[in-house]
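Here is a friendly note to read with the structure open beside you. Take the points in order, and try to find each residue on screen before moving on.

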Amino acid sequence: MNNYPSIPYYGMRKEEINVPLTFKPQHQDIQPGLEYEMSPIPISNNPNVKGSGKLLDKVAIVTGGDSGIGRAVCNLFAKEGADIVIVYLDEHEDAEYTKKMVESYGRKCLLISGDLRDERFSPYIADKVMKSFGKIDILVNNCGVQYPQDSILDISNEQMRYTFETNIFSFFYLTKAVLPYMKKNSSIINTTSITAFQGKKNLIDYSSTKGAITVFTKSLALSLADNKIRVNAVAPGPIWTPLIPASFSKQEVEVFGTDVPLKRAGQPFELAPAYLYLASDDSRYVTGQIIHVNGGTPV
């Protein structure tokens, strides 16, 4: 027994979100893919989340923020009061749409297009962000590509270099470029993958980069602990993003994600709260950790 007064319940009408269980067979011939060509379009926004100012007036850089997981992160961060910098390759139509989403919450959005494999691009990004906003509070290293191959013998040296340069070299380049501008309580969040923990027989080079990202996260967290800059990561399982039809056959896309315990692929909006947690003061005692959002798959 206690003397606490009873807490009144105020019901809220929730909007139903219809998450697809399977997908229309489809394929794209370019990487990392175009969201506006997908059917159905990935769900990037949870209309039942209103935002509470957890990132008020913060400045967040999100690589690959034009679509997929990055778009959902940009959307939720903006809801929570952050100004957004979207770094992307050349998916201009997707990026412009995400910018409109961010601005619909009254936040500023800067688009920067270029190839993060080029080590000269990252200092340019940092300089442009500082000139535009005067600070950098959050860095989300999220860009990535994957090229399935049946055998390691089918992975060309060119493909291997491209995958590593995109998926992990870019994380080093951009982190090094923005770190001098990050202050106490800043946050770095990396996107790794379930493949870093389980492997994937037809994604050997991709899985290897995700393993590198995982250890990069843990090592960098130790390195920056004295600076009070936190470094964490999110490890998605099968998520419906442009990378999927850009990577797999029509037949594989149709049943994508149905082999996990929850029997479906996840949607980008279902990952975004993990990034928000790691970006906000809610996780001030969390560093060097990996949050798994994978439909219940053991790791």
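1. Let us begin with Ile 168, which has its place in helix H4, the run of residues 157-178. Please keep in mind that this is a predicted model. Is Ile 168 buried or exposed? Its relative accessibility is 4%, and because buried means under 20%, Ile 168 counts as buried.

2. What does Ile 168 touch, leaving out residues up to four places away in sequence? The contacts are Thr 163, Thr 209, Ala 212, Ile 213 and Phe 216.

3. Now move to helix H2, which covers residues 92-103 and has 12 residues. From its first C-alpha to its last, H2 reaches 16 Å, close to the 16 Å expected at 1.5 Å a residue. Which residues of H2 are buried? They are Asp 94, Ala 95, Thr 98, Met 101 and Val 102. If you look down the axis of H2, these buried residues fall within an arc of 115 degrees, so they line one face of the helix. Here is a general rule to go with that view: an α-helix has 3.6 residues a turn, so residues three or four places apart point the same way.

4. On the buried side, the residues pack against helix H1 (68-79), strand E2 (83-88) and strand E3 (109-113). The face turned away from that side carries Glu 93 and Lys 100, which are exposed.

5. Next, please check two prolines. A cis peptide bond joins Gln 31 and Pro 32, with omega about 0 degrees. Another cis peptide bond, between Ser 39 and Pro 40, also has omega about 0 degrees.

6. Lys 228 has phi near 60 degrees, a positive value in a residue other than glycine. You will find Lys 228 in the loop between helix H6 (204-224) and strand E6 (230-236), and it is partly exposed, with a relative accessible area of 45%. Lys 263 is not a glycine either, yet its phi is positive at about 65 degrees. Lys 263 sits in the loop between helix H8 (250-254) and helix H9 (272-279), and at 54% relative accessibility it counts as exposed.

7. What kinds of residue make up the lining? It divides into seven nonpolar, five polar and eight charged residues.

8. Finally, find His 292 in strand E7, residues 290-293. At 30% relative accessibility, His 292 counts as partly exposed. Leaving out residues up to four places away in sequence, His 292 touches Phe 197, Ala 235 and Val 299. Gln 251 is 41 residues from His 292 in sequence, and the two are 27 Å apart in space, C-alpha to C-alpha.

Technical notes: Residues numbered from 1 in each chain as written. Predicted model: local features only at pLDDT ≥ 70, side-chain atom pairs only at ≥ 80, totals over all residues. Heavy atoms only, no water. Helix = DSSP H or I, 4+ residues; strand = E, 2+ residues; numbered from the N terminus. Expected span 1.5 Å × (residues − 1). Buried < 20%, exposed > 50% of the residue type's maximum accessible area, 1.4 Å probe, protein only. Arc of directions from axis to C-beta. Contact = heavy atoms within 4.5 Å. Nonpolar A, V, L, I, M, F, W, Y, C, P; charged D, E, K, R; others polar.
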